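Please look through the model shown here.

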Protein chains: 2
Amino acid sequence: MVHYSRKLDDAFTALSDPTRRGILERLGRANASISDLAEAFGMTLTGIKKHVQILESAGLVSTKKVGRVRTCTLGRRSLDLEAAWMARHQQMLEARLDRLGEFLERTKGQES
Amino acid sequence: MVHYSRKLDDAFTALSDPTRRGILERLGRANASISDLAEAFGMTLTGIKKHVQILESAGLVSTKKVGRVRTCTLGRRSLDLEAAWMARHQQMLEARLDRLGEFLERTKGQES
């Protein structure tokens with residue numbers, strides 16, 4: 001359970017930054033080196049590396065260094081756990097709205 | 001676009017902490033005061049208030065103070081935007097796996 005929770009923490013943290021979401025979108029189209037990403041996002045190598053490390057810790061990006069070039073690819077980890085958590089939240093929200101709707105319906109006659 | 005991105009930042013940040021996800025799950029069952037939440041999560045009032053503020057900024061929780069009691073309810077904001085972003089990511093991952101599969105299939109004869 002702690003392990004599951006930690007995975008959600010890491011993935012949602014990784015997704016909470018626009019540059020990191022941009023990196024995932026970019027890698028969805030093609031693999032890229034750290035330098036490619038730094039150029040694409042107008043950031044320093046150090047800045048991009050930090051973002052890539054956070055994505056890598058969450059399993060959303062894999063990197064491999066060959067010679068002096070570190071190439072980044074989309075990690076194999078899917079966002080299934082996170083999607084399932086959010087779907088449950090959505091169900092709770094809808095159930096709450098249904099209960100509110102029923103309450104309003106039930107008390108409609110009492111106003112007039 | 002910036003506004004859309006900011007919404008994603010706020011929601012994913014809000015979801016990146018286990019106590020904040022726990023508060024959402026708790027409020028999905030019933031409304032609760034700040035004191036109720038502090039007791040349920042074994043935290044100080046100040047600690048819980050900080051978490052609730054982050055959830056409120058993201059639109060995921062609403063609060064209303066009557067007298068000295070601040071009651072928290074689930075906010076109206078759904079996680080549709082976030083779910084859509086994640087579904088797109090999932091499609092990219094699958095497309096990448098398909099391409100990899102095709103490549104392996106195409107080059108299978110060449111190994112032997």
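Where is the place of K64(B)? K64(B) lies in strand 2 (residues 61-66) of chain B; helices (H or I, at least four residues) and strands (E, at least two) are DSSP runs, numbered from the N terminus. This is a predicted model, in which local features need pLDDT of at least 70 and side-chain atom pairs count only at pLDDT 80 or more, while totals for chains, interfaces and linings use all residues. Residues are numbered from 1 along each chain as its sequence is written, chains are lettered from A and ligands numbered from 1 in the order in which they are written, and side-chain values use heavy atoms, with hydrogens and water left out.

K64(B) counts as exposed because its relative accessibility is 60%; buried means under 20% relative accessible area, exposed over 50%, and partly exposed in between (1.4 Å probe, protein chains only). Not counting residues up to four places away in sequence, K64(B) touches V69(B), R70(B) and T71(B), where contact means heavy atoms within 4.5 Å.

In chain B, the axes of helix 2 (residues 18-29) and helix 4 (residues 45-57) come within 10 Å and cross at roughly 75°. Axes are lines fitted to C-alpha atoms, for helices over the stretch in contact, and angles run from 0 to 180 degrees between N-to-C directions. Helix 2 of chain B and helix 4 of chain B are therefore roughly perpendicular (angles under 35 degrees count as roughly parallel, over 145 as roughly antiparallel, 65 to 115 as roughly perpendicular and the rest as oblique). Helix 2 of chain B contributes T19(B), R20(B), I23(B) and L24(B), and helix 4 of chain B contributes I48(B), H51(B), V52(B), I54(B) and L55(B).

E82(A) belongs to helix 5 (residues 80-106) of chain A and is buried because its relative accessibility is 0%. Beyond neighbours within four places in sequence, the contacts of E82(A) are K7(A), L8(A), A11(A), F12(A), R77(A) and M86(B). In helix 5 of chain B, the buried residues include E82(B) and M86(B).

Over all chains there is 1 aromatic pair, given that rings of Phe, Tyr and Trp (its six-membered ring) pair if their centres lie within 6.5 Å, with planes under 30 degrees apart counted as stacked, over 60 as edge-to-face and the rest as tilted. F12(A) and F12(B) form this stacked pair, 6.0 Å centre to centre with 25° between the planes. The pair crosses between chains, from helix 1 (residues 2-15) of chain A to helix 1 (residues 2-15) of chain B. Both F12(A) and F12(B) are buried.
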